[in-house]
Amino acid sequence: MRPGCECCDRDLPVDSTDAWICSFECTWCGDCARAVLRMACPNCDGDLTRRPVRPASAVAANPPSTVRVHDPGRTWRG
């Protein structure tokens, strides 16, 4: 699970209900997924679906990624 939106770099913790992913797990916040990307991943053109919430009981044994994917110079479709 990526820790932030690839478009705006907003934090998306494992319990966020406003995180969206494609089948390659590119990660976006709800605002960017809807308004900027129009629910299609700009990396693979796949559709976006709500990312599942990782239960707190599973976080210790299966920690989320700490690697942020964000390119502030990229021009997003809009």
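Modeller: Here is the sheet, followed by its surroundings.

This is a predicted model, so local features need pLDDT of at least 70, side-chain atom pairs count only at pLDDT 80 or more, and totals for chains, interfaces and linings use all residues. Residues are numbered from 1 along each chain as its sequence is written, and side-chain values use heavy atoms, with hydrogens and water left out.

Start with the strands. Helices (H or I, at least four residues) and strands (E, at least two) are DSSP runs, numbered from the N terminus. Three strands form an open sheet, in the order β2-β1-β3. Their pairing is antiparallel. The edge strands are β2 (27-29) and β3 (49-50), and each pairs on one side only. Two strands pair if DSSP finds at least two bridges between them. Between β1 and β3 there are two bridges. Trp20 has Arg50 in β3 as its bridge partner. In general, strands of a sheet pair through backbone hydrogen bonds, either parallel or antiparallel.

Now step back to the segment before β1 (19-21), where Ser16 lies. Buried means under 20% relative accessible area, exposed over 50%, and partly exposed in between (1.4 Å probe, protein chains only). Ser16 has 11% relative accessibility, so Ser16 counts as buried. The Ser16 side chain reaches the backbone nitrogen of Asp18 at 3.1 Å. Contact means heavy atoms within 4.5 Å. Leaving aside neighbours within four places in sequence, Ser16 is in contact with Arg51 and Val53.

Next, the loops. Most residues other than glycine have a negative phi. Glu25 is not a glycine, yet its phi is positive, about 70°. Glu25 sits in the loop between β1 and β2. Met39 also has a positive phi, near 65°. Met39 is in the loop between α1 (30-36) and β3. Its relative accessibility is 26%, so Met39 counts as partly exposed.

Last, the core. A nonpolar core is a set of buried Ala, Val, Leu, Ile, Met, Phe, Trp, Tyr and Cys residues joined through side-chain atoms within 4.5 Å. The largest one has 15 residues. Cys5, Cys7, Trp28, Cys41 and Leu48 have the most contacts inside it. The elements giving two or more residues to this core are β1, β2 and α1. Leaving aside neighbours within four places in sequence, Leu48 is in contact with several residues, including Trp20, Trp28, Ala33, Met39 and Cys41.

How values were computed
Polar contact = N/O pair within 3.5 Å; in protein donor to acceptor, adjacent residues only side chain to side chain.
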